Amino acid sequence: MTTAEILWNTLAAILTLCVFSFLIKDNPLYKFTERLVAGVAAGYWTMLIYHTNFTDKVILTMQNRQLAYIIPILLGLAMWTRFSKNYSWISRYPIAFYIGISTGVSIPVYMYTSVFKQISATMVPFDLTYAGINNIIVVIAVLCALFYFFFSKEHTGTFGVISKIGIYTLMIGFGAGFGMTVMGRVALLVQRVIFLKDYFIALKNYFVA
Amino acid sequence: MARKLLMSLFVLLLIFGTAGAQEAVQDTIGPPSPAPPTNIVVVDRPNDTGHGVLVNWALSADDGGGKDNVLAYEVYRADQADGEYVFRGLSVKGTGQYEDKDDSPRINDLPNPGFLITEKTYYYKVRAMASGGVYSEYSEAGSGQPMENWFHVGKIPILIGVIIFWVLVVYFIFMARKGTDYYVRPLAGINAVDEAIGRATEMGRPILFVLGTGTAGDIATIAGFTILARVAKLTAEYQTRVLVPVNDPVMFAVAQETVRTAYLEAGRPDIYNPDNISYETAMQFPYVAAVNGIMLREKTATNFYMGVFHAESLILAETGNIAGSIQISGTDQISQLPFFIAATDYTLIGEELYAASAYLSKEPVQVGTLKAQDWAKAILMVILFIGAVLISMNVSFIKDMVTVNL
Amino acid sequence: MIKENAVDFWDKVMNLDRRWVYLSIAIVVIIPTVIPFQVPVATTPEVKKVFNFINRMEAGDYFYLGIDYDPSALAELDPMAYAILNHAFSKDLKVVVGCLSQFGVAMAETRLAELSEKYDKKSGIDYCFLGYRPYPAIVILTMGVDFRVTFPLDYYGVPLDSLPVMQGIKNLMNVKGVVDITAGNVADFWITYGNGRFGFPVALGVTGVMSADYYQYLQSGQIFGLISGIKGAAEYEELSGFETTGLASIPYQTLTHAIILIFIVMSNIGYFVTRGRKKR
Amino acid sequence: MKKQIPIYFVLISGIVMLIQYFVPSEESEWLFTYANDWVIVVGIFALALGIWSLLRTEFKKLKNPKEAFYAGTLLFGYFIMVFTGLKREWLEAGHLHMDLFNNILIPIQATIFALLAFYVASAAYRAFRARTALATILLLTAFIIMLRLIPLGPISEVNQTAVGWILAVPNMAAKRAITIGVGLGAIATCIKIILGIERTYMGHD
């Protein structure tokens, strides 16, 4: 490694150790790292948005005289009325469009992906083979779990039993989700440890050579 | 520029290379050639922006019968009936249809020869390919125009679903307005809200409300705003501070409005402090680091996590645990629910997050929508069960009805 | 006296400072980094089926290997491709390699170049590399009819008809089965079109994140085997004896999982012991 | 004016976007991208608000001797990234901006992410206790799944079959049911917002 690379890597290694120090307890080193990364991330994000979205959607559209973009730009500027006490209500206009567009787009998308796709995928044939019996279990478990989400009915008696099976099903799902995730998280930690190891080896080689 | 040209040549080669290579081996004497496909009918491809047609033909007599040696069909297109026919693509044997669509007028800044112009007439010929690299004669040409469509027929089931659900919601809201009282079962996570705010007040420590790492346009985040509104109103009454660190600028503006209005409605605009809602930073993990810092240094007594969460869910919940806070979480993200279940005191699972604002508001109109959700669930469960039973008996019409292919 | 000590011990276990847990995890992650060693990996039936599929074929038998991952999934999927190709070449099987995802070509080419040299295999004689074509559904359907429809030439520009390896095999019906290694939706195309339409035996190699969604196809028999993530790769390496990075990552995983499981067991014993005492 | 008009904006934009979904024409596609750009442009301008709030708070903290160092650190991090990124081409590899990105932002982000390896362990230790039937099921499932990494000979064989079944059957069912519930809850929330029944997020005077 070159001297510059060693220096950059030293910085990265120190910051890595600072974050890990949080595991022992909150401390000034962690607080320093936390504030530094908050500032760097905000600065990076500012310039990224400026050079991409702002350039594309604001500067270029105006240069190309895409008049349709005057409206969203005016709405965007209206957000800035929040700097003033008396006119901050104007900022509700862009928020209204923002929320309105988001909700309007979401309704059919949820209807398709969360409802139709799931229902269609769950309609599987029952029979007495291994796969067929599993299909029966899947359908019954989905129905029971949906029972658990009933809000306007008391979960007592038969209904209570069914919804209990439902919440048990959900818990199996959560247990499985938890168990499956551990591998990926460990892999991330291993990457950091290997980074530190490689750094120390490089450091040793740098000073030995 | 030269690279771009090469790239587009390469793309063209990929598309047309197949046809050229087959023509080369066509002349060799070999097995008998199959009968050509007949009756070419070209119709508009439905449900599109007007840059696609469907080419239909009657199968070759040697496809599935006769000499039974057809492997595939090649589809060719021209601008005029007697123009130059260019290879467009393949369909496997037994298929009497080819979908010819291309909606990019230009590729790599060059005019795209494959592009279909809306309402222009195109001519198609099809020929059958048999084993051994022999071809039938070309079929007679058929013609048709791509048209722009104004309604997506394939989405009709979704439209019906939306309408039925919409009607249910409006009906139950209407009934609630007329005074019908609906029962809702208690939810542990909701019942804990009051207690958790009370605890913070007793301890004289602030409350933390995290809206997650989604955007202000995510519906789960919007559900988070509605819960924040109810929580903030309670904290205003108890005169407890509520800290809302956010990572999306629009979320920041909406959260400020939400909390300010809540304090106004509680009659305490005087104690509203806009600085309690803070924009931390834009990126996921730097934001999490900042929230961790707030939890430990402000010693928040109660933490709410309501919205869209990703991998940070467990980092937040474990740090809250170290700080000894009571934690109530809710998210629609299935992958993160296990961690909230394991590490927080109460968790609103999926739909419960959306129901929470109705529970907390206790307004009859809001509760009415819960009733509509239950009815919708009941209808879906019946359809699901009957559909599954019917499909077991090889009757698929219900499954076909709910299977939407876009 | 001894009993009371035991109770004290479990009390401590129940109120263990979480930093002991952190320290244990740190130790079991650092040890394999400093002193690399190997632990055996528990093999799963779904990986064994893929291994047996390759292992039971005789010299000269054909199978199709799909290499459809991009560099982002390299760490998890490349060891699978490496072990399977090694296994196949060492058994003198004939391999038809194809790509339905455009980044797969570079991955496949690297591995084929390296391993064909190692085993002295020749393109066109011992294996055939078809290259890449877009539209996976159509390509799979046409390969079910004839490879030459979509791939008149192989990746190196040689007509398929002139390749000795392709004499006598016309379409996917003539190969023993399909193993597709992918990080994307190509897997779904193989299930829907490859298995659904033509009924070829299909096995998949997928990333760990994807695996939970593909177990259902294993249950329903739509795929005959599944290699998932780095663990699946390690299993195949263990079974076949051809190692790259898969097995190397297993010590970390096994040790951390073992530590977590031990902690769970301890905390539950502690819970029952201390609860029992409280009852008394 | 202040309260009613925004509610109508929500209603109109919501209904228009809902209808847009069912219209495949080119005009409709244009509308979709255009509306998306509204959301993006509003977000761009709102970023200035967020950054302003962040900087203002930190500048205030500079006066507090206890906090001054940390506030200074944040401001230093922010402005160095802004100044080193002023030109478009400085955002490419080989410039200081990207060196800072690669050696400050990336390692810190990756390390915070890696903390999760410790946290899954401590959460499992604390939460997976057989206090109730529900907790026991959660614990047992997670246990079986995690056991797949431990080589135990014949026990592993049985365990692997159990893992496959859990993932394909109850886990799948749980995911489907939650997804359907989330869908209905989200649509109901959207309808309430479009109809103006839920407007707590909007604020009024």
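**View 1. Chain C splits into two domains.** In this predicted model, the domain assignment of chain C puts residues 2–37 together with 252–279 in domain 1, while residues 45–245 make up domain 2. If you take the C-alpha centres of these two domains of chain C, they sit 43 Å apart.

**View 2. Chain C end to end.** Laid along its principal axes, the C-alpha trace of chain C covers about 85 × 40 × 30 Å. The radius of gyration of chain C comes out at 24 Å, whereas a compact globule of 280 residues would be near 19 Å.

**View 3. What chain C is built from.** Count the secondary structure and you get 11 helices and six strands in chain C. Look at contacts in chain C between residues at least 6 apart in sequence: 73% of them join residues at least 24 apart.

**View 4. Where chain D meets chain A.** Chain D brings 95 residues to this contact, and chain A brings 91 residues. On the chain D side, the helices that each supply at least two residues are H1 (4–20), H2 (26–61), H3 (65–84), H4 (96–127), H5 (133–146), H6 (154–168) and H7 (170–194). H7(D) gives the largest share of that side, with 19 residues.

Technical notes. Residues numbered from 1 in each chain as written. Chains lettered and ligands numbered in written order. Predicted model: local features only at pLDDT ≥ 70, side-chain atom pairs only at ≥ 80, totals over all residues. Contact = placed C-beta atoms within 7 Å. Helix = DSSP H or I, 4+ residues; strand = E, 2+ residues; numbered from the N terminus. Domains from an automatic or database assignment. Rg over C-alpha atoms; globule rule 2.2 N^0.38 Å.
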